[in-house]
Amino acid sequence: MANGLCLNGRKRPREGAERPRKRRRADGGGAGSGREEKSCRLSAALLGEDSEISQEELYELLKYAALGKCHNAAQPSWCHIYHQSHLAGVVVVVLHDMSQLHFYRFYLQFKHLRKVFQHRFKLAPSANFLVSLYGEDTNLKPQNTPQGLTSTSSECITKNLHLQYDPILQRYGAKKQGLTSYTLTLEEQKKHGYPIEGSPRSKGYISTECHQQRTDSSPLFGLDCEMCVTAKGSEVTRVSLVDAWGQCLLNELVKPESRVINYCTRFSGVTKEMLLPVKTKLSDIQTRLKKMLPCDAVLVGHSLNVDLQALKMIHPSVIDTSLLFARSDGRRFKLKFLAKAVLGKEIQCEQKLGHDPTEDARAALELAQFFIEQGPTKVAELNLEMLLTAEKVAEFSKNKAALQPQGCGFQEQLNEPPPSSKPCFLDCLQVTGQKPLLLGRQGLDSSGLCQSNLSTSNKQILQRALQDVPLSKFSIIQFSLGPEYLGSHLHAGLYGKVCSKLTDMLTIYAGPFEENFCMKYVKKKFGRCGPIKSLTVVTETFQPYVCIQYEVLEAAQLAVESLDGAEVAGSCIKVQRPVTASMLDCNVLIEELELDVENQGVIYVAGLKSSLTETDLREKFSQLKDLETLFLPRDLESGKHRNCCFLKFQNTQSAVDALQAINGWTIKGRVLRSRNALAPGHLWRWIWQMNHIYGNQRKHIFYEKMEQLSESEQDLRKKVKKLDKHIKKLYRSLQNNTLCIVLFPGVNRAISSYSHLAQSSITKGQESHQQNRWIQEPAPTEPG
C-alpha cells in the first residue's frame with residue numbers, strides 16, 4: 001500500500017464470501033450500529049526537495065480532511081486522503097517555540113513521534129500560519145473550561161498569537177527599553193548600506209565627529225534629504241534637520257555639483273527655477289551639520305542610509321524607522337503609512353508638489369519617540385500588517401468603484417465577495433455546525449491581554465484534551481516547553497551542538513597507511529561510498545591517517561561498514577568515527593535512524609557517475625518492483641548532482657528486495673553500493689547547509705568540553721521526554737480514523753545563526769493499538 005496509512009484494523013471480507021446486506025438506520029449508524037467503517041489512509045510521496053510543504057498546502061490538507069467534498073473542499077495538491085468521509089476527526093498538536101532543531105537534538109527522547117508519524121516533512125516558515133488557522137476575528141463562544149485553559153478562538157487568542165509571532169517583539173522583546181537599545185549596531189549598519197568609517201565605499205566621506213558614548217538621555221535629531229539625478233548619480237538638493245521638540249534647525253536647498261538630468265520634482269518638490277539662485281554647496285551643509293550636532297547626537301530617519309550616502313557623511317549612532325518598525329522577509333513600511341497608522345498624521349499629501357523634508361524628518365523623529373516611550377508591545381498591538389492590508393483593500397475598492405458604471409456595485413459587478421470577507425479556517429468549520437476545540441496555555445493579564453499562563457501545565461492541558469477531544473471533530477492542542485527554555489543563548493547552544501554532532505557523524509578516520517601511499521587511490525576508493533566534502537591527511541600520528549568528511553550520513557556509515565578491515569592502498573586499515581563524548585551513543589542513534597518509520601522503504605545508492613542523468617537512472621531502476629520515487633541530490637552551489645541517489649518504494653519488502661538486487665550492479669562500469677536510508681529526505685538539504693556553512697566556520701574545539709550539558713539542557717531533555725509521553729497518551733486515546741498532525745512551528749528569533757531553522761515539519765504515521773490503526777500527520781523535525 002503506497003505510503004498509505006491504514007486507519008482501521010478491521011479485516012475485509014474474503015473474496016467470494018457473501019457480504020451482509022447493509023441496512024440504513026434512522027440514527028445514521030455509528031459505533032455499534034452495524035454500519036461498515038472503511039479504512040481511511042493518506043498517501044504522499046515526500047522525498048528530497050518535494051518534502052517541503054507550504055502553509056497553503058498544509059491548509060489544503062486540513063480543510064479537505066475537516067470538510068471534504070460535501071463542502072466543496074478539494075483534495076490537497078501534494079497528497080491524497082482516501083475515504084475522507086469516514087474520518088472521525090482532525091487533531092492538530094502545536095508544540096510552541098519548537099523546531100526541527102529540537103526534534104533532532106532530542107531525537108532519542110522523541111521515541112513516540114519518530115516511530116509513529118510516517119510522513120514527516122519540512123513546513124516552509126510562516127509567522128502567520130497559526131493566526132490564519134485561528135482566524136483574525138472569530139467569535140466562537142467560550143466553553144466551560146478551567147482557568148488558564150482556553151477552548152475558544154476568540155479575539156484574545158488571535159491577539160496573543162499575533163503578538164507571539166510579531167517581528168517587532170521577536171527583534172526587541174516585550175519590555176520597554178531606552179533609545180540606545182534601538183540604535184543600529186555596526187554590523188547592522190554594514191548590512192543595510194550605511195557609510196562606515198574606514199570602508200572603501202565611504203572614501204572621501206566626512207565624519208560628523210560625534211564620538212561621545214550614547215546614553216538613553218542622548219538627544220534625538222530628525223534628518224531627511226531630497227535628491228535629484230545628475231551625471232554622477234544621486235545628489236542632494238534639499239536638507240532638513242529637526243530637534244527633539246520638532247523645531248526646524250536646518251532647511252536648505254543645495255546646489256548639485258554635476259549637471260542635473262532629472263530634478264525628480266514629483267518626489268522632491270525641487271524645480272530648476274528653485275535651484276538657479278542657490279549658492280549653497282554640499283560642503284557647506286556638511287560643515288553646518290558638524291557644528292549643529294552635539295557629540296552624543298542620535299540621528300533619526302526613514303531609510304537614513306540613503307540620506308547619509310547622499311550627504312557623504314558618516315555618523316556612528318542612528319535609528320532607522322524603516323527598520324525599527326520591523327516586518328518579516330526584509331519588507332519595510334513606508335513613512336507615509338506609519339505616520340498615519342501610528343501618529344494619526346497625513347504627510348506627503350497628493351495636493352502638495354513633492355515631499356516636504358522637514359515634515360518627513362519630524363514624522364520619523366516622532367515615530368521613534370513613540371516607539372521608545374510606548375515600548376515594543378504597544379507598537380505590536382497596533383497590528384500594522386492588518387492595518388496596511390485594510391488600507392490596500394479600501395484603496396483598491398475605491399479605485400475600482402470610480403471605474404464602474406453608475407448603479408452597479410463593485411462587488412456585484414465582479415460577482416465575488418470583498419477580499420476582506422474571506423473566512424478563516426475555523427469560521428469554515430462553524431458554517432458546517434462543527435465546534436472546534438482549542439486547548440492551551442492562555443490566560444488574561446490585568447489589562448485583559450491574552451498571555452501565557454504559567455499556572456497551566458502541559459499535564460492539565462492533556463487531561464482536558466483526553467476528556468474533550470473525543471467530543472470534537474476538529475481540535476487544536478497547544479503544548480509549550482515554558483518561557484524558561486526560550487532563551488536565545490540556549491537555542492544558540494543547541495544549534496552549535498547539533499552542528500558539531502552532525503559533523504562528527506559525517507566524519508571518519510581511516511588508516512594507518514604506508515608513508516608514500518597514493519592519496520588519489522584512497523579518495524577514489526572512499527568516494528564510491530558517496531559524495532566527499534573534504535579529505536585531509538592527519539599529521540599528528542606516527543603513521544599516516546586520512547580524515548574524510550562526507551556530505552550525507554549514509555555515505556559515512558557505508559564506508560565504516562564496508563571498508564573497516566579492508567586492504568586499501570596496500571594497507572589493512574581501520575575505519576572509525578571520531579571518539580568523543582557525544583559520539584558514544586552514535587551506534588544507538590544510527591540504529592534508531594535506520595528504524596525510523598519515515599525511512600522504511602527508502603534506500604541509498606552510491607557509486608554513480610556524474611555523467612548519469614535522472615532519465616538514465618529511472619531507466620536502469622525501472623525494473624525494480626514497486627519503485628515510487630527517485631531523488632537525486634544536487635550540489636546547492638553548482639547545481640550538479642552528487643554520485644548518489646535515494647530510492648523510495650511502496651513497501652518495506654520491496655526495498656529489501658531492491659537492496660539485495662542492486663548490490664553488485666554496474667552502471668557504465670561503476671559498481672553500485674547501497675544500504676538503508678538514515679536521514680529523512682527533507683534533511684538532506686539542511687545537512688548540506690550545516691556542513692558547508694557552519695562546518696567551514698567552526699574552530700577546532702575539544703568536543704568533550706562543548707558537550708558538557710548545562711542544567712537547563714538537562715532539564716530540557718526531561719521536559720521533551722515527558723512531552724513525547726503526553727503526545728503518545730493523547731494519540732492512543734483518539735478514535736479510529738482520526739487524522740493527527742503535530743506541528744513544530746519553529747523558534748522565531750532575530751539571531752541569524754539559526755533563524756533559518758525556524759521551520760515546521762509534520763509527521764504522519766500509523767500505529768497499531770488494541771487492534772486499531774490510525775491515520776497520522778507529520779511532525780516537525782530538526783537535526784540534533
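Among contacts in the chain between residues at least 6 apart in sequence, 74% join residues at least 24 apart, where contact means heavy atoms within 4.5 Å. This is a predicted model, in which local features need pLDDT of at least 70 and side-chain atom pairs count only at pLDDT 80 or more, while totals for chains, interfaces and linings use all residues. Residues are numbered from 1 along each chain as its sequence is written, and side-chain values use heavy atoms, with hydrogens and water left out. The secondary structure comes to 28 helices and 33 strands, taken as DSSP runs numbered from the N terminus (helices H or I with at least four residues, strands E with at least two). Of the 784 residues in the chain, 53% are buried; buried means under 20% relative accessible area, exposed means over 50%, and partly exposed lies in between (1.4 Å probe, protein chains only).

**Salt bridges**

- A search of the whole structure finds 17 salt bridges, each defined as a side-chain nitrogen of Lys or Arg within 4 Å of a carboxyl oxygen of Asp or Glu.
- Side chains of opposite charge can pair when their charged atoms come close.
- Glutamate 209 forms a salt bridge with lysine 290, with 3.3 Å between the closest N and O atoms. Because glutamate 209 lies in the loop between β6 (206–207) and β7 (220–230) and lysine 290 in helix α10 (residues 282–292), the pair ties together parts that are 81 residues apart in sequence.
- Both partners of this pair are partly exposed, glutamate 209 having a relative accessible area of 48% and lysine 290 a relative accessibility of 29%.
- Arginine 288 and glutamate 252 meet through their side chains in a salt bridge of 3.0 Å, N to O. This pair links distant parts of the chain, with arginine 288 in helix α10 and glutamate 252 in strand β9 (residues 248–253), 36 residues apart.
- Arginine 288 counts as partly exposed at 34% relative accessibility, and glutamate 252 is likewise partly exposed, with a relative accessible area of 24%.
- Glutamate 551 forms a salt bridge with arginine 642, and the closest N and O atoms are 3.6 Å apart. Glutamate 551 lies in the loop between β20 (545–550) and α22 (553–563) and arginine 642 in the loop between β25 (627–631) and β26 (644–649), so this pair ties together parts that are 91 residues apart in sequence.
- Glutamate 551 and arginine 642 are both buried.

**Aspartate 596 and its network**

- Arg120, Asp596 and Glu598 are linked in a network of salt bridges.
- Aspartate 596 has its place in the loop between α23 (586–595) and β24 (602–606), and at 1% relative accessibility aspartate 596 counts as buried.
- Not counting residues up to four places away in sequence, aspartate 596 touches Tyr107, Arg114 and Arg120.

**Helices α13 and α14**

- Helix α13 (residues 335–343) and helix α14 (residues 357–374) pack at an angle of about 50°, their axes lying 10 Å apart; axes are lines fitted to C-alpha atoms, for helices over the stretch in contact, and angles run from 0 to 180 degrees between N-to-C directions.
- That angle makes α13 oblique to α14, since angles under 35 degrees count as roughly parallel, over 145 as roughly antiparallel, 65 to 115 as roughly perpendicular and the rest as oblique.
- The crossing in which α13 passes α14 is left-handed, a term used if the near helix is turned anticlockwise from the far one by less than a right angle.
- On the α13 side, Leu335, Leu338, Ala339, Val342 and Leu343 meet Asp360, Ala363, Ala364, Glu366, Leu367 and Phe370 of α14.
- By class, this contact has 9 nonpolar, no polar and 2 charged residues, where Ala, Val, Leu, Ile, Met, Phe, Trp, Tyr, Cys and Pro count as nonpolar, Asp, Glu, Lys and Arg as charged, and the others, Gly among them, as polar.

- Aspartate 243 is found in the loop between β8 (233–242) and β9, and is buried, with a relative accessible area of 9%.
- Although 118 residues separate aspartate 243 from alanine 361 in sequence, they are 9.5 Å apart in space, C-alpha to C-alpha.
- Leaving aside neighbours within four places in sequence, aspartate 243 is in contact with Leu220, Phe221, Leu249 and Leu365.
- Methionine 313 is placed in strand β12 (residues 313–314) and counts as buried at 1% relative accessibility.
- The C-alpha atoms of methionine 313 and serine 207 are separated by 5.5 Å, with the two residues 106 apart along the chain.
- Beyond its neighbours within four places in sequence, methionine 313 is in contact with residues including Ile206, Thr208, Leu289 and Lys290.
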